[in-house]
Amino acid sequence: MQIFTALLEWIIVHWVTIIVIFHISLSLLTSVHVLLFKENERTSLAWIGLVVFSPVVGSLFYWLFGINRIKRSAQKKHPQTLKKKLKQKSHHKVRPIEFHRLPNNWHSAVIAGHTIHPINYLANNTIAPLINGDMAYPEMIQSINSAKRYIVLSSYIFDYDSLGRQFVEALAQAHNRGVIVNVLLDGIGVGYSWHKSDRALKKLGVKTARFLPAISLTSIRFINLRNHRKILCVDGEVAYIGGMNVSQNNIITSSKHPIDDVHFKVTGPVIDQISQVFIEDWFFATHELIKFPQYNVKKSQSADKHTSNNIVIARVIQDGPDEHHNRIRWTLINALVSAQKSVKIMTPYFIPDQTLMTSLHAAALRGVSVEIIVPEYSNIIFVDWVMAANYSRIIEHGIKIYKNTRPFDHSKIVLIDDIWSFVGSSNWDARSLEFNFEINLECFDTELNTKLTELFNSKKQNATPVTEGDIKGLATYKKIRNNFFRLFSPYL
């Protein structure tokens, strides 16, 4: 007891010294980890500054959010032996590169693209844009209602609102008529809704899983690793992909807080690449290897006798902080190099790193028209401030940026010239390109490009251009605030 009393008195007398020594030791340990494992020197310097000048809190923030644990942990959870087994079971084995009569100026990009992500471009697909939940959800529910063998669904957010309950009911009915149903929800994204959709599905007998659940003895290590993919595949016949979560807010005609978005209905051989991504994610979460039906070429050829619209050349770009790290960033850089006339970008969050920003400026310096649409107000005010801080740097070489004045536009589209389209779940920020598991479709087709260009132009009508006058006229305190939050760009 005397020893304890003496120790307590010593701590009371020397508590300042103890805290200083603890801070220095923790900061030193954390800074060494930053130096050894962070690739970007600017990010490293920012982290070290945060660690040194924010005692304990900075180090705690780094260990929770700063380490790219995803890459190493994901590799552990994707044993290479299993990956080989998955690839053997998939039919998208590596084959000679096919150019599919694409314009010659894109051939080098196709070769580089195949090196970046060794998955072939496949012809004879249809990809139909579905504008907002008003168009997308009825089509998706109809496909679920028509399912005969297998449904897989993955979503970051699955609200248990009036719309979410329609999906729950449709999935449960499919399960009751003998269809196999697997639903995978992100472990953090599921928390957006107080009532959990996966619990409702489980009560109705539908098999569900959470991707890196937030509440467990071990998952806090993965709090920074999120599955942002939105996938619905039915029977190996149709798939849906894009940026749209399952939420009543995406139904513009009836929502109190509408969110504009665009989703895509996909048919053709590329849907096997989409379902393969879900198969790997499901295994990651459950260690269960499922057998999802593959695309039936003969059945499709029979259907094609009645239509000749299956012309889109496409492939999946799978990205994440694992062995697929940086594939979307490299795909964007590769395509920007090939741009000759125009680049059109629509994204809810535009905070590109220096490499991507340089690629855009390089295109603009070549005389390529570069236009970007972002929301005037997104759902994250800090991101709005950071985007505003970057406006002066973005427009330096003639790049035009527009602020969409509608409530919030969550659409994610990149269009280059009149043929290349890039759609899916990823945003133009560090969170999407560094930490999230994402899925995009890289498409070559003039008709699809034309439809999306019309959508882009219609959005531009609701947008106001950012001018030098606007930037110079901004209050000084707002400039300081915006540029202060810009320091946190690597973490947003």
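Author: Of the 492 residues in the chain, 54% are buried, where buried means under 20% relative accessible area, exposed means over 50%, and partly exposed covers what lies in between (1.4 Å probe, protein chains only). This is a predicted model, in which local features need pLDDT of at least 70 and side-chain atom pairs count only at pLDDT 80 or more, while totals for chains, interfaces and linings use all residues. Residues are numbered from 1 along each chain as its sequence is written, and side-chain values use heavy atoms, with hydrogens and water left out.

Reader: How many helices and strands does the chain have?

Author: The secondary structure comes to 18 helices and 15 strands; both are DSSP runs numbered from the N terminus, with helices being H or I of at least four residues and strands being E of at least two. As for contacts, meaning heavy atoms within 4.5 Å, residues 24 or more positions apart account for 79% of those in the chain with a separation of 6 or more.

Reader: How should I read a pair of packed helices?

Author: Two packed helices are described by the angle between their axes and by the distance between the axes. The axes are lines fitted to C-alpha atoms, for helices over the stretch in contact, and angles run from 0 to 180 degrees between N-to-C directions. In this model, the axes of helix α7 (residues 132–146) and helix α8 (residues 162–176) come within 9 Å and cross at roughly 15°. That makes α7 roughly parallel to α8, given that angles under 35 degrees count as roughly parallel, over 145 as roughly antiparallel, 65 to 115 as roughly perpendicular and the rest as oblique.

Reader: Which residues of α7 and α8 make the contact?

Author: From α7 the contact draws on Tyr137, Met140, Ile141, Ile144 and Asn145, and from α8 on Leu163, Gln166, Phe167, Ala170, Leu171, Gln173 and Ala174. Sorted by class, these are nine nonpolar, three polar and no charged residues, where Ala, Val, Leu, Ile, Met, Phe, Trp, Tyr, Cys and Pro count as nonpolar, Asp, Glu, Lys and Arg as charged, and the others, Gly among them, as polar.

Reader: At what angle do α14 and α18 pack?

Author: Helix α14 (residues 381–394) and helix α18 (residues 476–486) pack at an angle of about 100°, with their axes 8 Å apart. That makes α14 roughly perpendicular to α18. Phe382, Trp385, Val386, Ala388, Ala389, Asn390 and Arg393 of α14 make the contact with Arg481, Asn482, Asn483, Phe485 and Arg486 of α18, and this contact divides into six nonpolar, three polar and three charged residues.

Reader: What is the relation of α2 to α3?

Author: The axes of helix α2 (residues 41–53) and helix α3 (residues 57–66) come within 7 Å and cross at roughly 140°. That makes α2 oblique to α3. Here Trp47, Leu50 and Val51 in α2 meet Gly58, Ser59, Phe61, Tyr62 and Gly66 in α3, and by class the contact has five nonpolar, three polar and no charged residues.

Reader: Which backbone nitrogen lies 2.7 Å from a polar atom of the side chain of Gln273?

Author: The backbone nitrogen is that of Val316. Gln273 itself lies in helix α10 (residues 271–286) and is buried, with a relative accessible area of 4%.

Reader: Where are Asn124 and Asn326, and what is the phi of each?

Author: Asn124 is in strand β1 (residues 122–131) and has a positive phi of about 65° although it is not a glycine. Asn326, in the loop between β8 (312–319) and α12 (327–338), has a positive phi of about 75°, and Asn326 is not a glycine either. Asn124 is partly exposed, with a relative accessible area of 45%, whereas Asn326 is buried, with a relative accessible area of 16%.

Conventions
A polar contact is a pair of N or O atoms within 3.5 Å; within protein, one must be able to donate a hydrogen and the other to accept it, and residues adjacent in sequence count only if both atoms are side-chain atoms.
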